[in-house]
Amino acid sequence: MLTGTSRPSQSDLTDTLCLSYYRMLAAGVAVVTACGRSGWSGTTVSTLTSVSLDPPILLCCVRDGSRTLTAIQHAGCFAVHLLTDDQTDLADRFSRAPSDSTRFIELGYETGLVRGAPVIAGVLATGWCDVHSIAEVGDHSVVYGRLTSVRVGRGRPLLWHDRAYQLLGGPHVAVRTTA
């Protein structure tokens with residue numbers, strides 16, 4: 001039990017402690033794709049959440065300066081692919097540079113341009129979004145998307161916690177750790 005009224009000072013927070021705290025957040029893993037001036041682009045995100053049902057808004061966080069963010073800004077729309085627990089290959093592929101259209105070559109999944117965004121078949125669910133707004137926050141941009149259509153498949157979600165992919169349910173089991 002916490003007692004007293006003392007609060008930690010700002011100087012108590014270091015980058016290392018902040019990252020340790022962030023690693024304790026559990027999140028679903030998704031790939032966000034868009035079609036920009038230089039072609040298809042995509043990136044892996046673990047910061048994705050619903051914001052509103054009426055209207056249907058979700059948010060994802062994309063690193064500032066990324067090709068995917070530029071493509072989203074140019075296209076005004078994007079797709080969000082929720083990954084299944086056996087799609088660590090997709091999560092890894094879209095988390096590494098470059099984030100350009102070469103990520104889609106020999107992907108191993110059927111892909112195509114649907115509703116203005118590159119779509120990867122066989123994922124847990126796909127949501128198509130029109131950009132509602134974008135806010136720069138720190139070293140990322142929060143992209144708010146208005147859902148215009150969804151396709152829901154079957155499977156179990158891929159989760160990210162403590163720098164490793166995780167399985168839903170059961171004991172704490174790391175699927176695979178990436179650097």
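These legends go with close-up views of aromatic rings in a predicted model. Local features need pLDDT of at least 70 and side-chain atom pairs count only at pLDDT 80 or more, while totals for chains, interfaces and linings use all residues. Residues are numbered from 1 along each chain as its sequence is written, and side-chain values use heavy atoms, with hydrogens and water left out.

**View 1. Tyr21 and Tyr22 form a tilted pair.** Rings of Phe, Tyr and Trp (its six-membered ring) pair if their centres lie within 6.5 Å; planes under 30 degrees apart are stacked, over 60 edge-to-face, and the rest tilted. By this rule there are four aromatic pairs. Here the centres are 6.3 Å apart and the planes meet at 55°, so this pair is tilted. Tyr21 is exposed at 57% relative accessible area, and Tyr22 is partly exposed at 49% (buried is under 20%, exposed over 50%, partly exposed in between; 1.4 Å probe, protein chains only).

View 2. Phe94 is buried at 0%, and Phe104 is buried at 10%.

**View 3. Trp40 joins Phe94 and Phe104 in a cluster.** Ring pairs link these three residues.

**View 4. Arg115 sits over the face of Trp128.** The distance to the ring centre is 5.8 Å; the rule asks for NZ of Lys or CZ of Arg within 6 Å of that centre and within 35 degrees of the ring normal.
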